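Dear colleague,

My notes on it follow directly after.

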Amino acid sequence: MPDPLVHRISAARGPAVAARVGIALGLSITVCFLTGLISHWIQHPPTWFYWPANPVWLYRVTQGAHVISGVIAIPLLLVKLWAVYPRLFSRPLIGNPLRMLERGSIALLVGSVIFQLVTGLFNTAQFYPWKFFFTTTHYAMAYVALGALAIHLAVKLPVIRTALSRPIAETEKTVVREDSTLSGISRRAVLTTAGIGAVVAGLAVAGQTVPFLRWVAVLAPRNGEGPQGVPINRTAADAGVGDKARDPGYRLTVRTSGGHREFSRAELAALPQTAAALPIACVEGWSASAHWSGVRLRDLLTAVGEFHGGDVRFESLEPGGLYRTSVLPRRHAVDDSTLVALRLNGEDLTLDHGYPCRLIAPNRPGVLQTKWLSTIEVLS
């Protein structure tokens, strides 16, 4: 690096800060990646994937951790880029093959991580100013980001080990020059600010998942509250189901291997009712606990014909959309707390919450808790 440039670069910029912030950033990205995989596999399960019905709060925790870790990574990334930015333009720009690998991994890492964090943040607010399908692209780019991170760590490992082996104060003494015109900000101050920024960012959204933190969730698109005590992502007007759901002639069709039967809402309400306390958790990171009541799914299926277990498909009154159908695995279908819900927190479901009836099952993403049910069918 040219000598004049050294005089203009803050002593707080460099490997000492970059390595330490990088550790926190790497942990955040790893948590975000692993919890994101879980969410994707629940919605698009590989044949080998197993996701339990219990504990009922597990998806609430993993998806909340996914969004919180992603938000925490934003200030950490900014500090990391601030610490290394001047050295990105040091000479030579290209150099030998190892330097080319380093430069390429940095470019790919920075680009992919920024893409993931920005699109993920927009998704929490359900704001999509792009034409590509978010879920597929976000999933694919997660592997790109993780791969670039692995290459970057491998290339920079000697620098990281050296930086971490020296105390912050000692490193400052070896770098700062007496004739330098630096502003005087210390590495400890930068690291403290990065830590505080990460904690504040996490708390600013954590309240949409953690109830006792809702009062500080100033940046959360949802705060965990809403009509009947539960937020709403997709309204009946958005789904185009208002007239069908309110139709006095509405019938829920249930098919099993033993036959099929149609139920009016009054007939569903006349069946033995079961209550369950279940959280509903959405991929955008918000969740809310609620008390549901309705017909236990396995009891409803048994009332139609013999039900020996199996995957069950649910169809909505929605005329279209990616999530108008969902498949409930057997382990969820036979669970005591899986309901065809008619009531929420002591009241009949509102139209936006899925009236006349909806699925509610333990440990599932909200997009798979099908609302405005039209058909239930045992697949196997």
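**Helix packing around helix 7**

In this predicted model, the axes of helix 2 and helix 7 approach within 10 Å and cross at roughly 20 degrees. Axes here are lines fitted to C-alpha atoms, for helices over the stretch in contact, and angles run from 0 to 180 degrees between N-to-C directions. Helices (H or I, at least four residues) and strands (E, at least two) are DSSP runs, numbered from the N terminus. Helix 2 and helix 7 are therefore roughly parallel to each other; angles under 35 degrees count as roughly parallel, over 145 as roughly antiparallel, 65 to 115 as roughly perpendicular and the rest as oblique. The crossing of the two is right-handed, a term used if the near helix is turned clockwise from the far one by less than a right angle, with anticlockwise giving left-handed. On the helix 2 side, Ala16, Val17, Arg20 and Val21 meet Arg187, Val190, Leu191 and Ala194 of helix 7, where contact means heavy atoms within 4.5 Å.

Helix 7 (residues 187-206) also packs with helix 3 (residues 58-84), the axes coming within 8 Å and crossing at roughly 155 degrees. Helix 3 and helix 7 are therefore roughly antiparallel, and their crossing is right-handed. The residues of helix 3 that meet helix 7 include Ile68, Val71, Leu76 and Trp82; among their counterparts in helix 7 are Val190, Ala194, Gly197 and Ala201.

Which residues does valine 190 contact, leaving aside its neighbours within four places in sequence? They are Ala12, Val17, Val79, Trp82 and Ile185. Valine 190 belongs to helix 7 and is buried, with a relative accessible area of 7%; buried means under 20% relative accessible area, exposed over 50%, and partly exposed in between (1.4 Å probe, protein chains only).

**Nonpolar cores**

A nonpolar core is a set of buried Ala, Val, Leu, Ile, Met, Phe, Trp, Tyr and Cys residues joined through side-chain atoms within 4.5 Å. The largest has 30 residues, of which Leu252, Leu300, Leu373 and Ile376 touch the most other members. At least two residues of this core come from each of helix 8 (236-239), strand 1 (252-256), helix 11 (297-304), strand 5 (312-316), strand 7 (339-344) and strand 10 (373-378). Helix 11 gives the most to this core, with four residues. Apart from this core lies another, of 20 residues, including Ile29, Leu117, Ala194 and Ala198.

Leucine 373 touches, among others, Tyr250, Leu252, Phe314, Val340 and Cys357, not counting residues up to four places away in sequence.

**Backbone points to check in the model**

Two peptide bonds are cis. One joins asparagine 54 and proline 55, with omega about 0 degrees; proline 55 lies in the loop between helix 2 (15-43) and helix 3. The other runs from tyrosine 355 to proline 356, with omega near 15 degrees, and proline 356 is in the loop between strand 8 (347-348) and strand 9 (358-360).

Glutamine 126 is not a glycine, yet has a positive phi of about 55 degrees. This glutamine sits in the loop between helix 4 (97-124) and helix 5 (134-165) and is partly exposed, with a relative accessible area of 30%. Asparagine 345, also not a glycine, has a positive phi of about 50 degrees. Asparagine 345 is placed in the loop between strand 7 and strand 8 and is partly exposed, at a relative accessible area of 30%.

**The chain as a whole, and confidence**

The chain contains 12 helices and 10 strands, and its C-alpha trace spans about 85 × 40 × 35 Å along its principal axes. Of the 380 residues, 49% count as buried. Among contacts with a separation of 6 or more, 68% are between residues 24 or more positions apart.

The average pLDDT, the predictor's confidence in each residue from 0 to 100, is 88, and 91% of the residues score at least 70. Over residues 1-7 pLDDT stays under 50, and the model has 10 contacts beyond four places in sequence for them. Residues 172-182 likewise stay under 50, with 17 such contacts.

Residues are numbered from 1 along each chain as its sequence is written, and side-chain values use heavy atoms, with hydrogens and water left out. Local features need pLDDT of at least 70 and side-chain atom pairs count only at pLDDT 80 or more, whereas totals for chains, interfaces and linings use all residues.

With kind regards
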